[in-house]
Amino acid sequence: MSALRNLKPKNVFTYFDEICSIPHGSGNTKQISDYCAAFACSHGLRCRQEPCGNVIIWKDASPGCEDAPTVMLQGHMDMVAVRTDDCSMDLEKEGIRPVVTADGQWICAEGTSLGGDDGIAIACALAILADDTLRHPPLEAVFTVDEEIGLLGASALDASDLRSQILLNMDSEDDGIFLTSCAGGATVECLLPVFREEKRGILYEWRVSGLRGGHSGTEIHLERANANLLFGRFLAEAGEKAEFSVCDVSGGEKDNAIPNQCRAMLLAPSTEAAALEGAVSEFRDTVCAEYAAVEPDLEVTLKKIRDISETSDIRDQNDKTLSDDPSELVNIQGQDSSFKANSVTAMVFADEGQHHLTALLEHLPSGIQRWMPEIPGMVRTSLNMGVLRMRDDAVSMTFSVRSASHTEKKWLIRRIRDLTELIGARCVVSGAYPAWEYRSDSRIQRVMAETWEEITGEKPVLTGIHAGVECGILSEKLPGIDCISYGPQMEDIHTVREKLNIASVERNYELTVRVLERLTK
């Protein structure tokens, strides 16, 4: 039996353990959607499963509570599924392996992210739906898909049969901090066409690694290094000291995660090898010194793969002229591309394409653009280049853009588009979602704050967040709905260091149960 099933509240951790066993990364949510729908069926609850995978489950009010306002219990089913470099798990097919830390206070996962964001919300909601001893208003549980890649499930949700007046969004990660507003956002992909040409030289693997990464909304203010932008800086600075060409590049995994690694395949003439190696060493010393306080584990490496000045070749893996003898191939795996080497020349970016890539990585806006003047320490507008990769014959640079201001978001997207198009590339904007605005007359804020103080003896913090939560979209679909977002303590979400505090889960579950009871009065 899993160690999680001995934890309290037992029903919550039993469901969380079952959720962990199901692969449910963004874009891979059919199994978890089917699981939630099957739960409703097995408990005799009315359910609707949408074509995109969203699941809505209804539960009638407790006897005598029929006139209470309908409450929505809401969370998302997908997780940011990432793993360590040495983890062999296939997160498309295998579930997460949760473990309790040695001190008994936290849950983490073996070699992967945990998915407490937002699996624990689904587990809490299922526990409430399954418990017929609780006193509660009419309930609508709304479980959405693909929140982590642009709130896609919430955007696709059919709300025509929903009647909720109060929304409990359980998708926050700070114990005792309740969110009352959030930024809007969008995903912007810049596509730079690149032509290739054949060259000879020494093939290298360049890599930046060891960065802390993190959530591009909640941790953007920490000014951590962005691996993709470091590659752009390297191209600009090293390009002045050595001649080399880019064969391939791959950095980051998710647009809403600050990229903690970037890898590129470079080709340098044999006469430039020493200059390139010296440029890398100088660059390493520079950025390690600059980021010493926030990125103590930053590493920049250059590894010689092989000399193809005379005897080898890099081509696309579909090139029929490549040798079938595995001993003759150098197989270099990128995020979306694969190269094999075995003969005379290498296919590299033409000079113009490499120059344009360098210019975009140097000059596209990034990081914090404006702070919130009304709330000291709160970011108002920012963006993060989360993914840098090859996509067919183009380099793709994908940004997560966030702002509490609709007009500032539009202006920032325009700046990206204008610069990108000026250089001959193009932009695709998707996944736009609205901001959730603060409501001064909120009943649920008052009830939550009073109940939290009863449980803990402490006043909670009510604040906004520079990240997207589904309250913005849901409040747009259900005008007048009174929203709050909260959840148990989690650290390092969206990374392999993610962990979930056990005692905090129990506190927040008790909070939810008590609030539901108070809303019946």
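This is a predicted model: local features need pLDDT of at least 70, side-chain atom pairs count only at pLDDT 80 or more; totals for chains, interfaces and linings use all residues.
Residues are numbered from 1 along each chain as its sequence is written, and side-chain values use heavy atoms, with hydrogens and water left out.

**Stop 1: H3 and H11**

Select helix H3 (116-130) and helix H11 (residues 502-518). These labels come from DSSP runs numbered from the N terminus: helices are H or I with at least four residues, strands are E with at least two. Two packed helices are described by the angle between their axes and the distance between the axes. Here H3 and H11 pack at an angle of about 45°, with their axes 11 Å apart. (Axes are lines fitted to C-alpha atoms, for helices over the stretch in contact, and angles run from 0 to 180 degrees between N-to-C directions.) H3 and H11 are therefore oblique to each other; under 35 degrees counts as roughly parallel, over 145 as roughly antiparallel, 65 to 115 as roughly perpendicular, and the rest as oblique.

The crossing of H3 and H11 is right-handed, a word used when the near helix is turned clockwise from the far one by less than a right angle, while anticlockwise makes it left-handed. Now show side chains: from H3, pick Ile120, Cys124, Ala127 and Ile128, which meet Val505, Tyr509, Thr512, Val513 and Leu516 of H11. Contact means heavy atoms within 4.5 Å. This H3 and H11 contact splits into eight nonpolar, one polar and no charged residues. (Ala, Val, Leu, Ile, Met, Phe, Trp, Tyr, Cys and Pro count as nonpolar; Asp, Glu, Lys and Arg as charged; the others, Gly among them, as polar.)

**Stop 2**

Rolling a probe the size of a water molecule over the atoms shows where empty space is left. On a 1 Å grid over the protein atoms alone, a cavity is a set of points where a 1.4 Å probe fits but cannot get out; a pocket is an open set with protein on both sides within 12 Å along at least five of seven lines; lining residues have an atom within 4 Å of a point. Grid points are joined across faces, edges and corners, and a volume is the space filled by probe spheres set on the points.

The second largest cavity has a volume of about 70 Å³. Its lining includes Asp118, Ile120, Cys124, Asn508, Tyr509 and Thr512. Which helix gives the largest share of this lining? H3 does, with four residues.

While you have Asp118 selected, check its backbone: a cis peptide bond joins Asp117 and Asp118, with omega about 15°.

**Stop 3: H9 against H11**

In the contact of H9 with H11 you'll find seven nonpolar, three polar and seven charged residues. Among the residues that meet are Arg443, Glu450 and Glu454 in H9, and Arg507, Glu510 and Arg514 in H11.

**Stop 4: the largest cavity**

Next, select Glu147, His215, Asn256, Arg402 and Gly468, which lie nearest the centre of the largest cavity among its 25 lining residues. Its volume is about 230 Å³. Strand S21 (394-403) is one of the strands supplying at least two lining residues, and S21 gives the largest share, three. By class the lining has nine nonpolar, nine polar and seven charged residues.

**Stop 5: the second largest pocket**

Go to Asp174, Thr218, Glu219, His221 and Ile465, the closest to the centre of the second largest pocket. This pocket has a volume of about 550 Å³. Strand S23 (461-465) contributes to the lining, and its four residues are the largest share. The lining divides into 11 nonpolar, nine polar and five charged residues.

Pro9 lies in the segment before helix H1 (10-20).

Then jump to Glu223, in the loop between strand S11 (202-209) and helix H5 (227-238). Its phi is near 60°, a positive value in a residue other than glycine. Finish at His494, which has a positive phi of about 70° although it is not a glycine; look for His494 in the loop between S25 and strand S26 (499-501).
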